[in-house]
Every structure is written in C-alpha cells, then in structure tokens.
Amino acid sequence: MKTDIEIAHNCQTRPIVDIAQKLNIELQDLELYGNDKAKIHYDFIKRTQNNPHGKLILVTAMSPTPVGEGKTTISIGLSDGLTKLNQSTIATLREPSLGPVFGMKGGATGGGYAQVIPMEEINLHFTGDLHAISAANNLIAAMLDNHIFQGNILNIDPRTITWKRVLDMNDRQLRHILDGLGGKTNGTPREDSFDITVASEIMAILCLAKDIVDLKTRIGNIVLAYTFEGEPVRAHEINCQGAATALLKNAFKPNLVQTLEGTPVFIHGGPFANIAHGCNSIVATKLALTLADYVVTEAGFGADLGAEKFLDIKCHQANIQPDACVVVATLRALKYHGGVAKNELDNANIDAIQKGIDNLLRHLDNLKNVYGLPTIVAINPFPSDTPSELALVHQLCLQQGVQTIVCNAWEKGGDGAINLAKAVIELCKQPVECRFAYQYQQPIANKIVELSQKIYRCPKVNFTKKALDKMKLFEKQGFGDLPICVAKTPYSFSSDASLLGAPKDATLEVIDLELRAGAGFIVVLTASVLTMPGLPKKPAAEQIDIDKNGKITGLF
C-alpha cells in the first residue's frame with residue numbers, strides 16, 4: 001500500500017472556498033491561506049453562535065499500546081462515513097506539534113485513506129498557530145525577567161518563577177539550563193528550563209477561552225511566580241496580557257481544512273493530553289455544532305485521561321455534552337493488556353484477548369455508568385486479526401450491552417466506516433444524562449480521591465507532603481474550586497505503567513501539584529512528566545526530504 005503522504009499527494013484537493021460553502025460560509029467570512037486552508041472570521045462566529053446545535057460525537061479509546069490505536073484515523077473515517085450517508089458533518093481535531101512529527105510518534109492527520117489534507121502543511125507550519133503561541137508565551141517570559149531586571153517593583157522572588165520559555169521541538173538539551181549569565185547587564189542568573197509549545201499554559205488557555213475577551217482575561221490571570229512574601233504574581237501585574245493576546249489574534253480563529261473525501265474539518269489547538277486537557281478548542285467545537293448535524297471530535301490518550309478531561313473540564317466549562325461516545329480498540333491493544341509482549345502482538349491469542357478485554361470493559365463501564373453516555377466500540381483492524389478473535393470481542397462487549405463495529409477506514413476511507421456511521425446515528429437517538437465524575441466545589445484532595453475511585457478504580461491515594469502542602473496553599477489562595485487535570489501514564493488505569501489490564505487494588509501516587517490559574521485547572525502529578533520530550537535514536541526527521549520542485553517526501 002502507498003504511504004500516507006503518497007496517498008495525500010495523489011488526492012484531488014478541492015478549493016477551500018467550496019468546502020466552506022458546504023457549511024454556508026461565504027468568501028468574505030474566510031481568511032484564506034492559499035487554496036486549501038482558511039481561518040474563520042470572528043464576525044461569522046458571533047453571527048452563528050445562537051444557531052441550534054447538532055449532535056456531538058466523542059471518539060476516545062481503551063488504554064493504548066505505546067504506538068497508539070488510531071483514534072484520529074477512526075475520527076476522520078467516521079466523519080467521511082457520515083458524509084457518505086448524506087449527513088452534514090464536521091470533524092474537529094487538534095493541531096500537530098513539530099516535536100512528535102520529527103520525533104517518533106508522527107503527525108496528527110490520520111492515516112491511509114482516512115486523512116486530513118494538506119497533510120504535510122498541517123503537520124509542519126500550518127497557519128502559524130503554534131508559532132504565535134510560542135511568541136506569546138516567550139513575550140510574557142521576557143517581560144517577567146525584564147521587570148525583575150528593571151527594579152523588581154513587585155518584589156518577585158526569582159527562585160519561585162514557574163513560567164518557562166517554550167519551543168515547538170523535541171530538544172532534551174533545554175530541559176535544564178542556566179541562563180542570565182554574562183554579567184549584570186544580561187539579567188539575573190538562575191536555573192531554568194524550556195517546555196515544548198503544546199505544554200504551554202497559553203495553549204490550554206487558547207483552547208478553553210470562549211472569546212477574545214475571555215482569552216485576554218485568562219492570560220492576565222496566569223500565575224508566573226511568587227513574591228518574597230509568598231504571594232502569587234499574575235501576568236496582568238506586569239501588564240503583558242494585552243500584547244500577548246494581540247499576538248494570538250489570528251491563532252484564536254479556527255482553521256478550516258478537509259478530508260481526502262472533502263468532508264470539512266476544523267483543526268484548532270493542541271494542548272498536551274497529560275499536563276493539560278488534550279482537546280481541540282472550545283471555539284472550534286461550538287462553531288462546528290452550529291454548522292453541522294454531526295460533529296466528530298476526539299480526546300487524547302485513553303478514556304481515563306482524554307475522555308475524562310474532555311468531560312470534566314472542557315464540557316463542564318463550555319456547557320456542552322456528547323450525544324454518543326465511540327471507543328476505539330484494537331486486538332493488538334487487547335493482547336497487550338492481556339500480557340503479550342509487543343513483538344508478539346500479531347500472533348493470534350484468544351486467551352490474551354480474554355484477559356485484556358477487562359481494560360476495554362472498564363472504560364465502557366465508566367462512560368456508560370459514571371458519565372451516562374451512549375457508547376459503542378470501533379475496532380480498528382489489522383491484517384493479523386482473526387475472525388474468532390473478533391467474534392470473541394463482539395460477544396464479550398455485547399454481554400455488557402455495547403455494540404462493536406469493525407471500522408476499516410484506514411484501507412477504504414468513508415466506505416469502510418459506513419457501518420460505524422449508521423450505528424452512531426442510531427446511538428445519537430438514545431437519551432443522554434451526561435454527568436461528571438466530581439463536583440468542583442469541594443476540597444482538592446476530595447476531588448482527586450473521587451476521580452481515582454470512580455474512574456481509575458484505585459481505592460487508595462497516597463499524597464506526598466509536597467502535594468499536601470500545595471493543596472493547602474492553593475486553597476488558601478482561592479484556587480480550591482478549580483477542576484483537576486491528572487497527569488499520569490496513559491498505559492494503565494493506575495499511576496504505575498506496568499499495571500496493565502484493569503488493576504483493582506492499585507494505589508494512585510500523587511507526588512506534586514501545579515497551578516494553571518489562567519487555564520482554570522490544577523495539574524495533579526502522579527509521576528514525573530516530561531514537558532520537553534527528546535528525539536529517539538532514529539528520529540523521523542532523518543527520513544524527511546524535499547526535491548527541487550518543493551515536493552516533500554518521507555513525512556509518513
């Protein structure tokens with residue numbers, strides 16, 4: 001089969017103005033980026049915000065293997081399948097980061113015949129949103145250090161600075177650095193570090209802000225450091241919120257592109273699915289809901305992370321709810337959670353699937369019975385899958401009242417997703433009583449314990465003294481009612497990556513907390529989280545090239 005980029009290059013791209021007309025978006029409401037990309041003007045978003053909403057479909061997954069299970073491919077295929085059934089459909093997805101593109105994981109535009117195009121431009125610079133986020137983040141950092149250098153009127157303790165500079169690249173050399181060296185005129189020497197752009201709080205804020213005024217307010221509320229007296233210093237105190245928001249003026253507008261089959265797609269925002277909430281922007285999702293009968297979106301990692309944050313943070317703050325949930329599973333992941341080594345996942349193994357199914361069933365139970373969502377399983381197939389293995393998964397899920405559909409969008413595009421699309425349409429007819437895992441207005445520790453017991457099924461939570469001290473501090477400072485954003489391994493329900501399947505007696509280890517006052521949540525760290533990844537031994541960048549005609553090869 002052709003590579004993803006070969007398939008994309010052989011596709012006839014439709015003018016983006018034609019894609020926009022499917023949504024009744026006229027040329028004057030677009031900001032064109034060439035012939036195949038566009039942003040949507042603010043005026044159009046305001047004019048449509050009171051339109052009736054379509055159905056929202058969340059695509060999530062079981063706990064993945066290290067190579068992922070294909071949520072984006074299934075999301076795109078489902079969107080094309082719904083379009084083939086003559087349903088007005090938009091997919092709303094996250095923007096890729098250059099770090100993973102040049103590293104090991106790859107891009108975020110789907111695969112095979114279920115892709116978003118132009119895939120190489122989306123995976124590289126796209127419309128410049130991530131560069132704008134980097135610039136806004138680093139402007140704040142520069143103004144903070146300049147305030148200290150120019151007399152430090154706010155009495156900021158440089159040892160307490162929590163605001164880091166960012167770069168949209170995997171560069172482990174920048175994880176721990178010394179800066180401000182070279183003498184008095186070059187700043188204040190201190191230990192420092194860089195994050196990757198998608199881990200910036202600016203990215204999380206862009207995706208949670210309701211409008212440009214809310215965006216500026218949230219940026220102003222960011223806690224950058226603390227005074228020598230221990231009081232938080234917010235961004236508005238150094239008067240940087242206006243300039244930072246100005247840099248984000250265009251980045252805040254949703255991006256319109258298309259699938260290989262011409263289904264409209266909004267790709268906008270891409271916060272880390274661990275240190276942040278891992279969903280595309282509220283603005284793009286709500287706009288899509290006003291323009292189409294069906295909106296397909298996804299959330300990062302498995303349902304215990306991505307779907308939980310989508311529901312308890314994004315939906316709660318945006319006042320929206322899914323009408324149906326699709327859980328992506330692979331037989332490879334089921335075997336992995338049944339104890340099979342990664343190099344043996346292509347071998348038929350009924351016993352391993354029988355063991356590993358507990359992981360999938362727990363996710364289904366959470367979505368149905370904790371959150372109250374109509375749910376279906378989409379099997380992303382591999383050539384090594386056997387009929388008997390697929391039949392077993394279908395049988396075991398059916399016993400829990402959940403239908404399974406094999407979705408072959410990777411090989412057949414929308415045609416391979418029609419059965420899933422039909423099932424999702426029926427699923428959206430069921431009543432929904434969307435609930436949340438916890439209420440915001442309670443002590444931070446209670447929220448963590450409640451989430452741990454309900455979703456992770458970890459009956460005990462251990463808090464380090466550092467974590468307990470942070471809870472007291474945040475509650476004293478008035479941040480106790482914020483939602484929590486748990487950073488933990490995606491490979492296990494617990495905080496221990498080695499505990500695969502569906503562990504029952506695990507303990508959630510909480511080692512630290514971090515405040516994201518602008519984004520409006522508290523990060524709960526259950527392990528050390530790398531916010532600046534490194535490149536693998538053989539980076540994907542080694543395979544990427546460009547010829548004399550400007551044609552890119554080797555991207556995927």
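## Exercises on cores and buried residues

The largest nonpolar core has 133 residues, and Leu248, Phe266 and Leu360 have the most contacts inside it. A nonpolar core is a set of buried Ala, Val, Leu, Ile, Met, Phe, Trp, Tyr and Cys residues joined through side-chain atoms within 4.5 Å; buried means under 20% relative accessible area (1.4 Å probe, protein chains only). Helix α7 (residues 129–149; a DSSP run of H or I, at least four residues) gives the most to this core, with eight residues.

This is a predicted model, where local features need pLDDT of at least 70, side-chain atom pairs need 80 or more, and totals for chains, interfaces and linings use all residues. Residues are numbered from 1 along each chain as its sequence is written, and side-chain values use heavy atoms, without hydrogens or water.

**Exercise 1.** Find where Leu515 lies and list its contacts.

*Solution.*
- Start with the strand (a DSSP run of E, at least two residues): Leu515 belongs to β22, residues 512–516.
- Next, check burial: Leu515 is buried, at a relative accessible area of 11%.
- Then collect contacts (heavy atoms within 4.5 Å): beyond four places in sequence, the partners of Leu515 include Glu201, Tyr226 and Phe521.

**Exercise 2.** Is Ser495 buried or exposed, and which backbone nitrogen does its side chain reach?

*Solution.*
- Locate Ser495 in the loop between β20 (484–487) and β21 (507–510).
- With a relative accessible area of 15%, Ser495 is buried.
- Finally, the side chain of Ser495 reaches the backbone nitrogen of Glu509 at 3.1 Å.

Notes. Buried means under 20% relative accessible area, exposed over 50%, partly exposed in between (1.4 Å probe, protein chains only). A polar contact is a pair of N or O atoms within 3.5 Å; within protein, one must be able to donate a hydrogen and the other to accept it, and residues adjacent in sequence count only if both atoms are side-chain atoms.
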